[in-house]
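Please brief me on the fold shown here.

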Amino acid sequence: MEEELLIDKNCIELITADQAWHYNIVPKSSDPDEISFYCLKDDPLIQEELELLYGKTILLEEIDETELRKLLITYYPVNAKAKAGISHFSNDFNDFLPKIISEARALNSSDIHVESYEQECRIRFRVDGKLAERYRFSKEKYPALVNRIKIQAHLDIAEKRLPQDGRIIFKQDNEKTDIRVSVMPTLYGEKVVLRLLNNNMDNIRLDKLGFAQEQLDQYQTAIQKPHGIILISGPTGSGKTTTLYASLKFLNKENVNIMTVEDPIEYTLDGINQVQVKDDIGFSFAAALRTFLRQDPDIIMLGEIRDKESAQMAIRAALTGHLVFSTLHTNSAYGTISRLLDMDIPPYLVSSTLSLSMAQRLVRLLCPHCKQEEEFSDVLLPGTNKLEIKTHYRAVGCEQCYFTGYMGRKAIYELIPVTNDIAEKIKYNNLSVTDLKFQSLKDSALELAAKGQTSLEEILSYLL
């Protein structure tokens, strides 16, 4: 096993991405008198230039080209996207916010975490569902960065004791990114999370999300009914909103009135009337739904069923001849049905309005450039090896995937279409999971691994 190269992450901001790639160097460590760099070649000319630039003694340590490129791509990844016009991080801290947002967009990051601790601060990006550290910097710089974020998000920079929520519209290279900002006081300062919302609907299609063909047929049949409720469940970040909007895009026609109420509005789509919840003035999901029913809608999308009141309004909308889409935080498609009953919704109303219950998750896909095939061993999977997997693939890591071993994500689904038989059992509250025949999340995850699209490690949580 190769020894991992040690990097003092506090040194990363000593040079720009342009400098790192120009000189083929990555900072290793620093002190008041000298800076050590990993390099491709111990070149006296480079050493002299860097000593003039920093006014310190420069030490260069040669490493293998493969290892150096791995460090460059890991700590200065924006250079790989330079052709797309991505900005680079620099020592100008006043310009730091647009730099990290640009880098996060280049990496298809969903969230930026800005965090303060006792001795230092750090910035992490969430890429493909996993957090990865990008920068560390001193506590002295932290208030300036937080204030700049607050100003951009129209928040109160003097208020440091209470949570605040805001929004930034970031524009660059003719592209607009809607950013939701959340500020939370912590022990050592305010923690800021920036959620990057993707407003681009061009590539979002139902047949590209991850449905098996049979599941896609069942889902499209359910959503083309004139009335009823379609419920999608899953934890935060499981792609529920993307599935909802792909569904609305599929149904969006000139002769259909589609209305949505969301918190926040994550996508924008022409032809759909979108409404933002404002709880501070009493404009809740339930209040919006009451108004919707007077707006002559054909299709209603409720961002989330949060309580009994919003569940009752969704049921009422379906009963009066509307097609209703919404989400619930449950672990399975069967659990969604139980949750509605737990909310004291009468079983006969659930049975007469629910058209389909669906659960989904997002699974990271192996990088096609570096994944490696291995023989399957029974010890790798708990329980029965239903698909009789002969070989499987494991994550390795290369330049294309920034040495994570994964590239992109795909949704897996669990669908329960509510047939007449199932509706009858719900009506008399005697439905059990053994009465249902469907492809579970576990089966879908195993199928993805059997096809070599993901690793067994990635789907292990679905198999336990």
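**Briefing: sheets, cores and cysteines**

Ile-230 stands opposite Leu-356 in β15. This is a predicted model, in which local features need pLDDT of at least 70 and side-chain atom pairs count only at pLDDT 80 or more, while totals for chains, interfaces and linings use all residues. Residues are numbered from 1 along each chain as its sequence is written, and side-chain values use heavy atoms, with hydrogens and water left out.

**The mixed sheet**

- An open sheet of 7 strands runs in the order β12-β11-β13-β14-β10-β15-β18, with mixed pairing. Strands (E, at least two residues) and helices (H or I, at least four) are DSSP runs, numbered from the N terminus. Two strands pair if DSSP finds at least two bridges between them.
- At the edges lie β12 (272-276) and β18 (406-417), each of which pairs on one side only.
- Neighbouring strands here are turned by 20 degrees against each other on average, direction ignored. Axes are lines fitted to C-alpha atoms, for helices over the stretch in contact, and angles run from 0 to 180 degrees between N-to-C directions.
- Strand β10 (residues 228-233) runs parallel to β15 (residues 354-366), joined by 5 bridges. Ile-229 has Leu-354 as its bridge partner in β15.
- β10 also pairs in the parallel sense with β14 (residues 323-328), over 6 bridges. There, the bridge partner of Ile-229 is Val-324.

**Helices on the mixed sheet**

- Which strands does helix α8 (residues 285-292) touch? Helix α8 packs on the sheet against β11 (258-262), β12 and β13 (299-302), where contact means heavy atoms within 4.5 Å. The direction of α8 makes about 165 degrees with that of β11.
- Helix α13 (residues 441-450) touches β15 and β18. The direction of α13 makes about 145 degrees with that of β18.

**The antiparallel sheet**

- A sheet of 6 strands, also open, has the order β6-β5-β4-β9-β8-β7 and antiparallel pairing.
- Its edge strands are β6 (130-138) and β7 (164-172).
- From one strand to the next, the twist averages 20 degrees.
- Helix α4 (residues 96-106) packs on this sheet and touches β4 (109-116), β5 (120-127), β6, β7, β8 and β9. The direction of α4 makes about 75 degrees with that of β7.
- Strands β8 (residues 175-186) and β9 (residues 189-197) run antiparallel, joined by 9 bridges. Ile-179 stands opposite Leu-196 in β9.

**Nonpolar cores**

- The largest nonpolar core has 51 residues. A nonpolar core is a set of buried Ala, Val, Leu, Ile, Met, Phe, Trp, Tyr and Cys residues joined through side-chain atoms within 4.5 Å.
- Among the residues with the most contacts inside this core are Tyr-76, Ile-112 and Leu-194.
- A second, separate core of 50 residues includes Ala-286, Leu-349, Leu-441 and Leu-456.

**Cysteines**

- How many disulfides are there? The count comes to 0, a disulfide being a pair of cysteine sulfur atoms within 2.5 Å.
- For Cys-39, the nearest cysteine sulfur is that of Cys-11, 15 Å away. Cys-39 counts as buried, at 1% relative accessibility.
- For Cys-121, the nearest cysteine sulfur is also that of Cys-11, 16 Å away. Cys-121 is buried too, with a relative accessible area of 0%.

Methods. Buried means under 20% relative accessible area, exposed over 50%, partly exposed in between (1.4 Å probe, protein chains only).
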